[in-house]
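I opened this notebook to record what I looked up in one model. The sequence and structure are placed below for reference.

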Amino acid sequence: ILLLVLSLSSYGNEHDKDTAMIIEVFTSAHFPIRGSETSGVRENALGTVTHYDLDGIDQLQQTLSQSLPNNPGQAKQLVLQRLQSMDAALNHRLENAGNGLVQAMHYGIDRTPAIVFDRQAVIYGVTELDDAIEQYSQWREKGSR
């Protein structure tokens with residue numbers, strides 16, 4: 001496991017120990033992070049945790065292209081039918097993946113798993129959210145001495 005904590009210099013303010021953390025989790029099917037199983041935003045005692053599943057768009061593409069006929073016209077019609085029948089959960093996953101890709105590009109995230117804290121630091125390679133929080137807290141404590 002590679003642990004890397006980088007300062008994201010485009011965000012200047014250091015986290016105040018008394019305020020809630022902003023945690024953004026970037027995962028894929030190959031690198032899930034335990035402790036953040038649901039995609040989307042949720043609140044906990046530490047603050048806000050946003051989980052982005054970056055595989056959502058690839059998974060949608062696989063679903064849409066599954067068992068398509070060889071005839072291009074028929075294939076197009078079937079894909080359109082599948083798109084029209086997408087449920088709210090699938091729409092949410094697609095939106096989450098798109099937002100996650102935009103955020104990952106904004107931060108310069110180049111691999112998963114990655115956990116961004118307070119828009120200032122990223123930890124790569126840790127698959128337990130609690131472990132990443134502990135490592136970030138220790139790093140932050142060392143920096144305030």
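**Entry 1: basis.** I worked from a predicted model, in which local features need pLDDT of at least 70 and side-chain atom pairs count only at pLDDT 80 or more, while totals for chains, interfaces and linings use all residues. Residues are numbered from 1 along each chain as its sequence is written, and side-chain values use heavy atoms, with hydrogens and water left out.

**Entry 2: confidence.** I first looked up pLDDT, the predictor's confidence in each residue on a scale from 0 to 100. The chain has a mean pLDDT of 80, and 79% of its residues reach 70 or more. Helices (H or I, at least four residues) and strands (E, at least two) are DSSP runs, numbered from the N terminus.

**Entry 3: helix α1.** Which residues of α1 (residues 56-65) are buried? I noted Gly 56, Leu 60 and Leu 64. Seen down the axis of α1, these buried residues fall within an arc of 70°, so they line one face of the helix; the arc is that of the directions from the helix axis to the C-beta atoms. An α-helix has 3.6 residues a turn, so residues three or four places apart point the same way. I took buried as under 20% relative accessible area, exposed as over 50%, and partly exposed as in between (1.4 Å probe, protein chains only).

The face turned away from the buried side of α1 carries the exposed residues Gln 61 and Gln 62. I then checked the cover of the buried residues, which includes β4 (47-53), α2 (72-84) and α3 (88-107). Thr 63, also in α1, is partly exposed at 41% relative accessibility. The C-alpha atoms of Thr 63 and Arg 82 are separated by 8.7 Å, with the two residues 19 apart along the chain. After α1 comes Ser 67, whose phi is positive, near 55°.

**Entry 4: the loop between α3 and β5.** I looked up Thr 112 and Pro 113, which both lie in this loop. A cis peptide bond joins Thr 112 to Pro 113, with omega about 0°. What does Thr 112 touch beyond its neighbours within four places in sequence? I listed Phe 26, Thr 27, Ser 28, Phe 31 and Leu 54. With Ser 28, the side chain of Thr 112 makes a polar contact of 3.1 Å. A polar contact is a pair of N or O atoms within 3.5 Å; within protein, one must be able to donate a hydrogen and the other to accept it, and residues adjacent in sequence count only if both atoms are side-chain atoms.

Asp 110 is found in this loop as well and counts as exposed at 57% relative accessibility. Its side chain is joined to that of Tyr 124 by a polar contact of 3.5 Å. I recorded 9.6 Å from C-alpha to C-alpha for Asp 110 and Tyr 124, which are 14 residues apart in sequence.

**Entry 5: the loop between β5 and β6.** Asp 118 is placed between β5 and β6 (121-124), and its phi is near 50°, a positive value in a residue other than glycine. Is Asp 118 buried or exposed? I found Asp 118 buried, with a relative accessible area of 10%. Arg 119, in the loop between β5 and β6, has a positive phi near 55° and is partly exposed at 37% relative accessibility.

Note on methods
Contact means heavy atoms within 4.5 Å.
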